[in-house]
Amino acid sequence: MTMFEAILLTIITASTPLLIGAIGQLVCERSGVLNLGMEGMMIMGAACGFAAAILSGNSYVGVLAAILAGMAMSLIFAVLTLGLAANQVASGLALSIFGLGLSGVIGAPFVGAKRDQMAKLYLPGLTDIPVIGKALFGQDPFVYASFALVIGVWWFLARSKPGLVLRACGENHASAHALGYPVLKIRLLAILFGGGCAGLAGAYLSLVYTPFWSPGMTAGRGWIALAIVVFASWRPWRVLAGAYLFGGITILQLHAQGAGVKVPSQFMAALPYLVTILALVIIMRRRGGQKTAPASLGTPFVPDR
Amino acid sequence: MQINRRQILQGATALAGAATLGQPAFAQANPLQVGFIYVGPVGDFGWSTMHDVGRKRLEEVMGAAVKTTAVEAVATNDMERVATQLARQGHRLIFTTSFSFFQPTMRVAPTLPNVFFESATGTQTAPNVSLYNARFYEGRYVQGVIAARKSKTKTIGYIAAFPVPEVVHAINTVMRGAWSVDPSMKIRVVWANAWFNPGREADAARALIDQGCDVICAHTDSPAPLQLANERGVFGFGQASDMTRFAPRAHLTSSVNNWGDYYVERAKAVIAGTWQPGDVWGGLNSGMFRLAPFTNMSPEDVSEAERIRDAIATGRLHPFDGPITRADGTVAVPAGGRATDDQIRAMNYFYRGIDVALPS
């Protein structure tokens with residue numbers, strides 16, 4: 001295995017949870033809902049996914065449980081912000097704190113339990129192709145799911161009618177409502193999708209990335225996923241680029257440190273954030289700096305009766 | 001007038017505080033309240049877990065004579081608030097269990113003169129602040145010896161948390177041990193800039209293994225690096241607790257912490273009124289930590305490791321005997337000398353032969 005291939009494989013592992021989380025959040029935000037509860041939903045996915053996988057002995061049951069846990073968490077958020085028109089920022093922050101605490105309780109009996117990593121794909125012939133074989137045909141199911149999600153979300157938002165309606169809700173919920181679209185129902189579905197993706201990203205952490213449970217193990221990845229959505233200016237392909245750029249620099253700086261490059265490690269640790277922000281800002285500027293945030297993002301909608 | 005919730009809470013804690021202050025005479029009759037502040041989650045399966053094991057041991061031994069409270073995953077800049085809160089609730093002995101908490105402990109201690117603080121690692125004591133730590137470097141020396149025996153690539157990978165003396169002298173000691181077997185041993189270091197971030201710890205291990213390291217030392221708190229070593233077919237050491245089960249094929253030994261006996265001793269001192277600020281730095285012979293049974297090693301390697309472990313424990317071998325030469329070539333400790341405890345605790349340089357950037 002060459003060094004290039006080794007680095008590539010590690011970058012894929014580091015980027016996948018960010019990508020899965022961010023793409024779900026993107027759909028949610030395009031419908032006009034800002035859910036800052038990402039970290040809480042993600043870690044609930046990690047806790048419930050690991051617990052279910054241990055109890056059932058099957059990783060796929062764990063994945064399913066993680067998705068459901070993420071959706072359940074987002075449902076709480078939906079009840080607060082859609083049902084009661086509560087402030088989205090405050091509700092999201094509360095959800096993050098709640099998720100971090102609750103996941104600790106759920107995961108407590110599973111501290112110190114271990115599971116083997118989920119199996120990776122192996123296609124005889126294809127996986128053995130030098131350099132790109134393992135990267136393209138030797139990944140775990142999550143990696144393929146993350147790419148499928150990006151393609152699916154891009155197609156949905158850009159090419160399908162329901163996607164356009166969802167975007168309309170995010171741009172101007174009053175107009176969407178006036179045209180007869182069920183704004184709250186659409187937003188509920190978008191929130192649930194975001195929650196499900198966050199749960200899936202959490203499952204990746206506790207079933208593949210570091211296959212054990214430990215409280216607080218998301219270590220801020222939910223917040224990074226949120227930031228990637230913003231800096232990707234709410235575009236699916238840029239989310240892909242942002243997640244991989246962030247993951248890539250994270251891994252490269254670790255390699256640089258190991259190789260003894262004489263740069264302060266604190267600067268190295270900050271590098272992924274700096275580079276990702278810079279790159280995405282430059283992309284945005286080159287496109288003429290158009291206004292990119294969904295216009296109704298974060299504003300509660302109360303239909304008149 | 002508007003009263004928000006925070007004001008009510010403040011009022012309530014003030015009342016509670018006044019109540020405790022008003023009846024110091026009863027303090028002796030009541031159980032001694034002992035507070036523990038952890039830097040990580042209790043379930044990190046490492047550093048904080050083992051402090052909590054110590055807390056439970058304290059409860060077990062002392063029974064109704066003590067009442068303990070643990071606050072987990074406390075951020076460094078929040079520690080003073082947590083300590084003040086614990087003091088107001090009547091805790092008279094507070095263990096602040098991280099080097100990161102040392103400065104906040106020194107700031108808050110003078111404001112709470114009736115509370116005895118115990119800081120796990122630090123650089124100085126105060127009238128109501130004791131220091132306690134274990135000489136983990138003794139275990140690191142043994143790790144170095146084992147690593148030199150196990151490594152085929154002659155390269156150790158070290159995942160370090162922060163460039164503090166505790167970590168720097170540990171890296172030096174690992175190499176001292178490794179060089180005692182094979183002077184051609186090399187080390188690569190990655191700073192994770194976190195005590196606890198399983199994902200990044202694992203990524204660091206991946207990077208080190210990809211660069212040819214085949215024995216991984218972790219100076220962070222989760223079992224992630226060891227587990228990854230197991231997956232990749234290289235070797236590693238457990239940190240803070242016995243991590244054998246996370247890596248049945250990769251685990252060589254773990255440094256297993258044991259704080260319980262110390263906690264019992266200090267609680268008894270407070271109850272007896274004999275508590276004095278102290279500075280305890282217990283080695284392998286103190287029982288503050290031990291090495292988990294050696295696994296995945298040949299019988300010869302095991303007996304060598306045991307011999308060296310026992311030599312250090314009995315004082316026949318000292319990992320900081322001179323000569324010690326800094327990376328820049330200057331002599332830190334001349335031949336025949338030995339680094340003092342203060343020198344070890346302030347160590348901010350790598351030895352000559354360790355080609356690693358030390359973040360300033």
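Because the model is predicted, local features need pLDDT of at least 70 and side-chain atom pairs count only at pLDDT 80 or more, while totals for chains, interfaces and linings use all residues.

**Stop 1: where the chains touch**

Show both chains and colour the contact residues: 38 residues of chain A are in contact with 32 residues of chain B. Contact here means that the C-beta atoms of two residues, placed from the backbone, lie within 7 Å. On the chain A side, the elements giving two or more residues are α1, α4 (88-107), α9 (183-209), α11 (236-258) and α12 (265-286). Helices (H or I, at least four residues) and strands (E, at least two) are DSSP runs, numbered from the N terminus. The most comes from α11(A), with six residues. By class, this side of chain A has 20 nonpolar, 15 polar and three charged residues. For these classes, Ala, Val, Leu, Ile, Met, Phe, Trp, Tyr, Cys and Pro count as nonpolar, Asp, Glu, Lys and Arg as charged, and the others, Gly among them, as polar.

**Stop 2: helix α1 of chain A and its two partners**

Select residues 3-30 of chain A together with residues 198-210 of chain B. These are α1(A) and α7(B), whose axes come within 10 Å and cross at roughly 175 degrees. Axes are lines fitted to C-alpha atoms, for helices over the stretch in contact, and angles run from 0 to 180 degrees between N-to-C directions. That makes α1(A) roughly antiparallel to α7(B); under 35 degrees counts as roughly parallel, over 145 as roughly antiparallel, 65 to 115 as roughly perpendicular and the rest as oblique. Show side chains for A:Met3, A:Ala6, A:Ile7, A:Thr10 and A:Ala14, which meet B:Asp203, B:Arg206, B:Ala207 and B:Asp210.

**Stop 3**

Strands pair if DSSP finds at least two bridges between them. Zoom in on β1 (residues 32-37), which pairs with β2(B) over six bridges; B:Ile37 has B:Val71 as its bridge partner.

**Stop 4: the mixed sheet of chain B**

The next six strands run in the order β7-β6-β8-β9-β10-β12 of chain B, an open sheet with mixed pairing. Select β6 (residues 155-160): six of its six residues are buried, so this strand is largely enclosed by the rest of the structure. A residue is buried if 20 or more other C-beta atoms lie within 10 Å of its own, exposed if 12 or fewer, and partly exposed in between, with C-beta atoms placed from the backbone. B:Thr155, B:Gly157 and B:Ile159 point one way, and B:Ile156, B:Tyr158 and B:Ala160 the other. On β7 (residues 186-191), B:Ile187 stands opposite B:Ile156. In β8(B), B:Ala218 is the bridge partner of B:Ile159.

**Stop 5**

The peptide bond from B:Gly322 to B:Pro323 is cis, with omega near 0 degrees. A:Ala219 has phi near 45 degrees, a positive value in a residue other than glycine, and is buried, with 20 other C-beta atoms within 10 Å. B:Ala73 has phi near 50 degrees and is partly exposed, with 19 other C-beta atoms within 10 Å.

Definitions and conventions:
Residues numbered from 1 in each chain as written. Chains lettered and ligands numbered in written order.
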